[in-house]
Amino acid sequence: MIRAVLFDAGECLVDESREWDGWAAWLGVPRHTFSTQFGATIAQGRDHLDTFQIFRPGFDMAREREKRDAVGQPEWFGENDLYPDVRITLRLLREAGLLVGVAANQSYTTTMILRRLFESSVDLIATSWDTGGIAKPDPRFFLIMAEALRLAPHEVLYVGDRLDEDIAPAREAGLPTALVRRGPWGLARRHDPDADRLPTMRISALRELTDRIATYNAEAAEAEAEAEEAEAEAADAAG
């Protein structure tokens, strides 16, 4: 049964429009031009950071972040950048008795932002910064998160928008998964056969999770009861 739900941050909880608009401005590129190329790069199955190389060959993300920090333009997002269904979903899941957390690849700066935003509404906030660099899509990242919750991997549902970074490696680590259809990755690959094959469930909005998890757990409980009954009958027959 599912006893905890972990969420990716970008395009799952956080609408990253502000971030990408900021990078377009930093590069001196019109926002619609940057967004168009960004979407095309993702649709082609390439690393989204290749977009930056198109506009500025040799672009180094870490170095450019340092430059932005130095001139007072650091990475930033806030309450208004959360998707509208985030707060109510977190509340409903916790009211249903589930542990809830945020687990994502993030820098120190964005990790601190996530903690300020969610520390009072979730049970765990952990990122690749906390794990010493162990990051998605390494399956170890998901195992570390399950261990932090003191649960078995199969008891922790991971919710994300990307097949490559979220769903496939979480599944490899033994976690059930939910693929949300939103953001550049979620929409660009919505017709990919793996979008049907890999996740435990597909959702269009986070609000669907409460009912979907309740159904999943009810079916799991029924299957467990049937297995126990069959085992008892087998033991009686053998005795």
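Predicted model: local features only at pLDDT ≥ 70, side-chain atom pairs only at ≥ 80, totals over all residues.
Lys and Arg count as positive here and Asp and Glu as negative, while His and the chain ends are not counted. The place of each charge is taken as NZ of Lys, CZ of Arg, CG of Asp or CD of Glu. Residues are numbered from 1 along each chain as its sequence is written, and side-chain values use heavy atoms, with hydrogens and water left out.

**The overall picture**

- The protein has 11 helices and 6 strands; these are DSSP runs numbered from the N terminus, with helices (H or I) of at least four residues and strands (E) of at least two.
- Its C-alpha trace spans about 80 × 40 × 30 Å along the principal axes.
- Of its 239 residues, 44% count as buried. Buried means under 20% relative accessible area, exposed means over 50%, and partly exposed is in between (1.4 Å probe, protein chains only).
- The accessible surface comes to about 12000 Å², and 50% of that belongs to carbon and sulfur atoms. Such areas come from the Shrake-Rupley method with a 1.4 Å probe, and for residues only the protein chains shown count as cover.
- Take the contacts (heavy atoms within 4.5 Å) between residues at least 6 apart in sequence: 60% of them join residues at least 24 apart.

**Salt bridges**

- The structure holds 20 salt bridges, each being a side-chain nitrogen of Lys or Arg within 4 Å of a carboxyl oxygen of Asp or Glu.
- One of them pairs K136 with D8, with the closest N and O atoms 2.9 Å apart. K136 sits in the loop between β3 (124–127) and α7 (139–148) and D8 in the loop between β1 and α1, so this pair ties together parts that are 128 residues apart in sequence.
- Both ends of that pair are tucked away: K136 is buried at 7% relative accessibility, and D8 is buried with a relative accessible area of 7%.
- R87 and E79 also meet through their side chains, at 2.7 Å from N to O. R87 is partly exposed at 29%, and E79 is partly exposed at 40%.
- Salt bridges that share partners join D8, K136 and D166 into one network.
- Then there is D50 with R46, whose closest N and O atoms are 3.7 Å apart. D50 counts as partly exposed at 29% relative accessibility, as does R46 with 34%.

**A buried charge without a partner**

- E16 is found in the loop between β1 (4–7) and α1 (17–27).
- E16 is buried yet has no salt bridge, and the nearest side chain of opposite charge, R162, is 7.6 Å away.
- Leaving aside neighbours within four places in sequence, E16 is in contact with G10, E11 and W185.

- E219, E222, E226, E229, E233 and D236 form a negative surface patch.
- Patches are made of residues with over 30% relative accessible area and no salt bridge, joining like charges within 9 Å and nonpolar side chains (Val, Leu, Ile, Met, Phe, Trp, Tyr) within 5 Å.
- One member, E226, lies in helix α11 (residues 209–238). E226 is partly exposed, with a relative accessible area of 47%.
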